Amino acid sequence: MHNKNLMRKITTYIVALFSVLVIFSSCKKEYESIESIDEAKIKDYIAKNNLQNVEPDGTGAYYKVVEQGAGTVENFKNTDLVFYNITVKSLLSGTQYLESPTYTNLSNYVGYLNSFYNSSLSSTSYNIPTIRTAVLALKPGGTVRVILPSHLAFGKNGAGTIPSNEIIDLYIKTSTYKTQAELDDNRIITFLAANNITNAVKHSSGVYYQELTPGTGTEVIDEHSTLVVKYAGKLLDGTQFDAGDSFSTKLTDVIEGWGKVLPLFKQGAKVRIFIPSGLGYGVSGSGPIPPNAVLDFTIDITTVTNN
């Protein structure tokens, strides 16, 4: 009897141990499988779509140079400042999650491009080194496609509208311009031409202005003046981000672009001004104004008071 009880206990322990090992093995297999499943899906996608010249980066991600970029210019280096736009999609479904607007751009030094940030996804940045690796394969003006397995992108938690364990298809289009001021100037010139605005004048600061109605006042506008204005502020895609019917201010309290050109006018003038981002809200943006955005203001100068 004693031996039978002992055998039963041993058998029970063995069954329990085996169950624990099976559960542990299953969990381990499930954890490892997300990487292998993603890898299989990516390779299958590349084969089915006959993608050529797709380079592995050694981490499980891939990139493909879509367009090399400008002529004989050297490839980007880590120390270069790059201006770029992105599109973020699902590799398998094609669902688009993010796209930086064409009327603005992102900017960073190439060496820091591994830090991926978008306010709609998270308050912190994601570490995605493949982005930096891919851009280093380009010249200015080039475009690269980056395929990221989920564990190297937004993981099992997803981000924003990006679901859990999503394989990411990311496009990065770089600019040929070396400074934000040059890029903004080109944007303004392109906008003026597209909208048949032929009488806008470029100020030495880089602001373009168009006098819609001449002023009749005699007061000089300077940093000491108090102005009452009616205004509307828009982005170059027509989105209005701000407006006021009787806004009272001094030029020292508004963005630099206003201060550069409003002293050229008198009370009663109505003007339209196009402000490069460096004289607006710069690389940080503000509220609905994205980073590096050219601003389009229409301003009625209703009152000028000098104390």
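The buried residues of helix H3 (180–194) are Gln180, Leu183, Asp184, Asp185, Arg187, Ile188, Phe191 and Leu192, where buried means under 20% relative accessible area with a 1.4 Å probe, protein chains only. This is a predicted model, in which local features need pLDDT of at least 70, side-chain atom pairs count only at pLDDT 80 or more, and totals for chains, interfaces and linings use all residues. Residues are numbered from 1 along each chain as its sequence is written, and side-chain values use heavy atoms, without hydrogens and water.

Helices (H or I, at least four residues) and strands (E, at least two) are DSSP runs, numbered from the N terminus. The cover over the buried residues of H3 includes strand E3 (81–90), strand E10 (201–202), E11, E14 and E15. Just after H3, Asn196 has a positive phi of about 55 degrees.

The largest nonpolar core has 36 residues, and Trp258, Ile273, Ile275, Phe297 and Ile299 touch the most other members. Such a core is a set of buried Ala, Val, Leu, Ile, Met, Phe, Trp, Tyr and Cys residues joined through side-chain atoms within 4.5 Å.

E15 gives the most, with five residues. Another core, of 30 residues, lies apart from it and includes Val88, Tyr97, Val135 and Leu170.

E12 and strand E13 (residues 240–249) form a hairpin with four residues between them, and Gly238 in the turn has a positive phi of about 95 degrees.

Methods: Buried means under 20% relative accessible area, exposed over 50%, partly exposed in between (1.4 Å probe, protein chains only). Two strands pair if DSSP finds at least two bridges between them. Contact means heavy atoms within 4.5 Å.
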